Amino acid sequence: MKESDERIVFDGMTVPPFAPLKKNAKERFEEIRNLEYKEDDVILTTFPKSGTNWFWEIICMLLKGKAEYVKEAKVSVFLEAIPDLNVVHGLASPRALNTHVPYRWLPKQHLERNGKIVHVIRNPKDVAVSMYYHFKSSGNINDDCHFKTFLEQIFLSAACPMGSWFDYEKEFEQAKTTDKDHIILTVHYESMKKNPIEETRRLGKFLNVELSDQQIADIVDKCSFQKLRHAAETFKDLSHREKITDTGEGAIRKPPNIYRKGEIGDWKNHFTVAMSEHFDTIFREKMKDSNIQVQFE
Ligand code: A3P
C-alpha cells in the first residue's frame with residue numbers, strides 16, 4: 001500500500017478500501033450479516049482474486065438457463081463495495097450476490113434458511129500474483145513496487161485485504177465440517193480451468209439447474225477468458241465499477257484490470273526458487289491442521 005494510505009482494520013482484518021468500508025466498516029459488515037434472505041438467493045464467496053468475476057458470470061448464465069451475458073457486472077452486487085446495499089433488496093430472484101467477507105460475516109438468514117453458497121478457492125501463489133497486478137493497475141501500490149515487496153509487506157502481512165488467504169480458507173473448511181445440509185459447494189479455480197464442462201455441470205446441479213450438454217458447452221464457451229474479457233470491454237455496464245472506484249470517496253484510484261491472464265501457474269514467472277520455498281514453509285505451517293488440497297499447477 002502507498003505510504004499515504006491508512007489501513008482500515010475491522011474485526012482483526014485489513015479491509016479493502018471501498019467507500020462504505022472506509023466510511024464505517026462495522027456498519028457495512030453488520031448490514032451484510034443482517035441482509036434479508038430472498039428465496040433462491042445464491043452467494044458467491046471468494047478470497048479476493050480467486051476468479052470471482054468468472055464464476056459470477058457462469059452462475060448468472062446457469063440461473064438464467066441461457067448462455068447470454070447479463071448487462072450488469074459482478075460489482076453491481078458486490079456486497080461490501082456497492083455504495084448502497086439497499087439496491088439488492090429490489091432485485092428480482094434468483095439473486096446471485098457476491099462477497100469476499102469471511103464466513104463468519106455471511107448473511108445470517110442465508111445460512112439459517114439453507115441458502116446456497118458457492119465458494120471458489122484458488123492456489124494462493126497465483127492469488128498473490130493476481131492481487132499484485134490488481135493493486136498495481138488500480139494504483140494501490142506504486143508502479144515500481146516489486147512482487148517480492150508486495151508478497152512480504154502486503155500478501156503475507158497484516159495488510160492483506162480480508163485478513164489472510166490462510167485464515168479465510170481455513171474458516172471455510174471449518175464451516176464445511178458442520179454443513180450437513182450441503183449448502184456450500186467448493187469449486188477449485190484450477191478444476192474449472194482444467195475441466196470446465198464437468199465443473200460447470202456440477203455447479204448447475206448444485207444450483208438445481210437442468211441444462212443440456214449443448215447449453216453447458218455454450219456457457220463454458222461464453223465464459224472463456226478471452227470472451228469474458230471481450231464482453232467486459234464491449235458490452236458490460238461498468239458504471240457500478242466507476243462508482244466503487246470513484247476517487248472522490250473511494251480509495252481505489254483507477255478501475256483495476258480484472259481480465260489479466262487467467263492462467264494456472266503464473267506464479268512460476270514471479271516467485272524465485274527461494275521465495276517459493278519460503279512460501280511453502282509458511283503454507284505448511286499455517287495449513288498443518290487443514291486437509292485442503294490446493295492445486296498449484
Ligand atoms: P489473473 O490476474 O491471474 O489473470 P477476481 O474476479 O476474483 O478478481 O479474479 C480475477 C482473476 O480471475 C484474474 O486472474 C483473471 O484473469 C481471472 N479470470 C477471470 N476470468 C477468467 C476466466 N474466464 N478463466 C480463467 N481465469 C479468469
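Phenylalanine 283 counts as buried because its relative accessibility is 14%, which falls under the 20% cut-off. The structure you have here is a predicted model.

**Around phenylalanine 283**

- Phenylalanine 283 is part of helix 12, which spans residues 273-286.
- Setting aside neighbours within four places in sequence, phenylalanine 283 is in contact with Pro124, Trp165, Phe166, Val294 and Phe296.
- Proline 124 is 159 residues away from phenylalanine 283 in sequence, yet their C-alpha atoms are 9.1 Å apart in space.

**Who surrounds the ligand**

- The ligand is surrounded by 18 residues, and the closest are Thr52, Ser130, Tyr189, Lys261 and Gly262.
- By type, the shell around the ligand divides into 7 nonpolar, 7 polar and 4 charged residues.

**Polar atoms facing the ligand, and its cover**

- Serine 130 places a polar side-chain atom 2.6 Å from an oxygen atom of the ligand.
- Glycine 51 uses its backbone instead: one of its backbone N or O atoms lies 3.1 Å from a ligand oxygen atom.
- For isoleucine 258, a polar backbone atom is 3.4 Å from an oxygen atom of the ligand.
- On its own the ligand has 570 Å² of accessible area, and the protein covers 97% of that.
- Helix 2 (52-64) and helix 10 (225-234) are the elements that give two or more residues to the shell around the ligand.
- Helix 2 provides the largest share of that shell, with 3 residues.

Key: Residues are numbered from 1 along each chain as its sequence is written. This is a predicted model: local features need pLDDT of at least 70, side-chain atom pairs count only at pLDDT 80 or more; totals for chains, interfaces and linings use all residues. Side-chain values use heavy atoms; hydrogens and water are left out. A residue is near a molecule or strand if one of its heavy atoms lies within 4 Å of it. A polar contact is a pair of N or O atoms within 3.5 Å; within protein, one must be able to donate a hydrogen and the other to accept it, and residues adjacent in sequence count only if both atoms are side-chain atoms. Accessible areas come from the Shrake-Rupley method with a 1.4 Å probe; for residues, only the protein chains shown count as cover. Helices (H or I, at least four residues) and strands (E, at least two) are DSSP runs, numbered from the N terminus. Ala, Val, Leu, Ile, Met, Phe, Trp, Tyr, Cys and Pro count as nonpolar, Asp, Glu, Lys and Arg as charged, and the others, Gly among them, as polar. Buried means under 20% relative accessible area, exposed over 50%, partly exposed in between (1.4 Å probe, protein chains only). Contact means heavy atoms within 4.5 Å.
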